[in-house]
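Student: I am new to this structure and would like to go through it step by step. Could we begin with how its strands are arranged?

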Amino acid sequence: MSIEYRMLCLLRDLGPLSRAQLSDKLAVPRPRLLSEIDRMVSTGRVLEAGPAASRGGRRSTLVQLDPGLRFAAIDLGASSADIEITDGGLEPVAAHSEAVDIRSGPTAVLDRISEILHTIREQGHYSTLEAIGIGVPGPVSFRDGVPVSPPIMPGWDRYPVRDTLARAHGCPVVVDNDVNVMTLGEQHSGVARTIDDLLFVKIGSGIGCGVQVHGRIFRGAEGCAGDIGHIQVEEDGPICSCGNSGCLEAYFGGVALVRDATAAARSGESPALAERLAVVGVLTARDVAECAAAGDNTCVSLIRVGGRRVGQVLATLVSFMNPSMIVIGGGLSGLGHLLLAEIRSVVYQRSLPLATGNLPIVMSELGSRAGVVGAALLASELAYGRPS
Ligand SMILES: [Zn+2]
């Protein structure tokens, strides 16, 4: 890895550092470091910002990223777009979220994203972007920057997302699957900061899993690694959106939970849900969470049974991969302790003792920001020159 890449990453992750600190951390001879810094100052990526605090002897000059560096981070979900503009250290300087229907197709969605970015630019938050990182809710060919047969993204199959945004904004672009992007975010600045072997489970409308092995995202041959929502948990189960039967997602996830909650409301099995349905017309996962918290037995049981299904699949993955942490994120992580407790109990009961002896299963620390943090990180890796 080049000195430039390693230095930019250090300044991104640790903030301004003195020449002496950089020399220690990079373990390169001082003359070589100084000529590298001079070169980077001339390309406008770093600044020398006056003397650092003395460590005794001559005071060393402080080096920092150019405060004008900007990345765009985009987390595109099935029904929402979250966008952040960050500085070179990935701190947000502007943010925007809105409802976007991924089914309206790539032209409409990407046009809207470009419009939002242009508005943020006109507000003065950036003039040029170093790079854009974007996560999309489906399998992605990371190399080609295109979605590949994404089941919930009609019209997006092999659509040139990377090249379209690169042309529109004049900067390099990196495209990845949304769950991979969340995994990267959580690993870089969330609960999994010190973890190299990680499973990040996103429980949203559906269920997906980011797989990080030896500190790197494992994407698989076709970019589909971690698509655990379509692992079969029962042979003759309900039909799944993928066309098979008995998939994990056909049992649990936002779509399945709303289906089961609505049935429980209509049948009168849950008076609390029936009352809500009568008032609002449509139930959401939040209704189930709130009724469960208020003691509704049916809602408690819906979450418990769902958690057990997820735990059942995770126990298998733990035996297979032996991760050192599992992080639960996504919209349904709002079901909280009840869901987590159930997942934990099944995983700890069923996995090999070897794999669970010291295996934390925890909630995401970044919550709904995990995606944009990971997208910004990917953008910075691209701009700072990470070797592929
Ligand atoms: Zn399926």
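Predicted model: local features only at pLDDT ≥ 70, side-chain atom pairs only at ≥ 80, totals over all residues.

Student: Which order do the strands of the open sheet of five have?

Tutor: The order is 13-12-11-14-15, and the pairing is mixed.

Student: Which strands stand at the edges?

Tutor: Strand 13 (216-217) and strand 15 (361-363) do. Each has a single partner strand, so one side of each is left without a neighbour in the sheet.

Student: How many bridges join strand 12 to strand 13?

Tutor: Two bridges join strand 13 to strand 12 (residues 207-213), and these strands run antiparallel. Within this pair, glutamine 212 is placed opposite isoleucine 217 of strand 13.

Student: And which strands does helix 6 touch where it packs on the sheet?

Tutor: Helix 6 (residues 178-189) touches strand 11 (198-203), strand 12, strand 13 and strand 14 (325-329). The direction of helix 6 makes about 125 degrees with that of strand 11. Helix 11 packs on the sheet as well, touching strand 11, strand 12 and strand 14. Its direction makes about 160 degrees with that of strand 11.

Student: Let us turn to the core. Which residues touch the most other members of the largest nonpolar core?

Tutor: That core has 43 residues, and those touching the most other members are Val201, Ile203, Phe252, Leu314, Ile326, Ile328 and Ile343. Helix 11 (residues 297-321) gives the most to this core, with nine residues.

Student: What does phenylalanine 252 touch?

Tutor: Leaving out residues up to four places away in sequence, phenylalanine 252 touches Ile203, Ile207, Leu257, Leu302, Gly306, Val310, Leu332, Leu335 and Leu339.

Student: Next, helix 10 and helix 11: at roughly what angle do their axes cross?

Tutor: The axes of helix 10 (residues 285-293) and helix 11 cross at roughly 120 degrees and come within 7 Å. The crossing is left-handed.

Student: Which residues meet there?

Tutor: From helix 10, Val288, Ala289, Cys291 and Ala292 meet Cys299, Val300, Leu302 and Ile303 of helix 11. The residues of this contact divide into eight nonpolar, no polar and no charged.

Student: Which residues of helix 10 are buried?

Tutor: They are Ala285, Asp287, Val288, Ala289, Cys291 and Ala292. What covers them includes helix 8 (254-266), helix 9 (271-280), helix 11 and helix 12 (336-350). Just after helix 10, glycine 295 takes a positive phi of about 100 degrees.

Student: Now a single residue. Is serine 141 buried or exposed?

Tutor: Serine 141 has 14% relative accessibility. Buried means under 20%, and serine 141 therefore counts as buried. Its place is in strand 8 (residues 140-141).

Student: What is serine 141 in contact with?

Tutor: Setting aside neighbours within four places in sequence, serine 141 is in contact with Val146 and Val148. Its C-alpha atom is separated by 8.3 Å from that of valine 175, 34 residues apart along the chain.

Student: One last topic: how does strand 3 pair with strand 1?

Tutor: Strand 3 (residues 61-65) pairs with strand 1 (residues 17-18) in the antiparallel sense over two bridges, and serine 18 stands opposite leucine 62. Strand 3 is also joined by four bridges to strand 2 (residues 46-51), again running antiparallel. There, valine 46 stands opposite leucine 65.

How values were computed: Residues numbered from 1 in each chain as written. Heavy atoms only, no water. Core = buried A, V, L, I, M, F, W, Y, C linked by side-chain atoms within 4.5 Å. Buried < 20%, exposed > 50% of the residue type's maximum accessible area, 1.4 Å probe, protein only. Contact = heavy atoms within 4.5 Å. Axes fitted to C-alpha atoms, helices over the stretch in contact; angles between N-to-C directions. Left-handed = near helix turned anticlockwise from the far one by under 90°. Nonpolar A, V, L, I, M, F, W, Y, C, P; charged D, E, K, R; others polar. Pairing = 2+ DSSP bridges.
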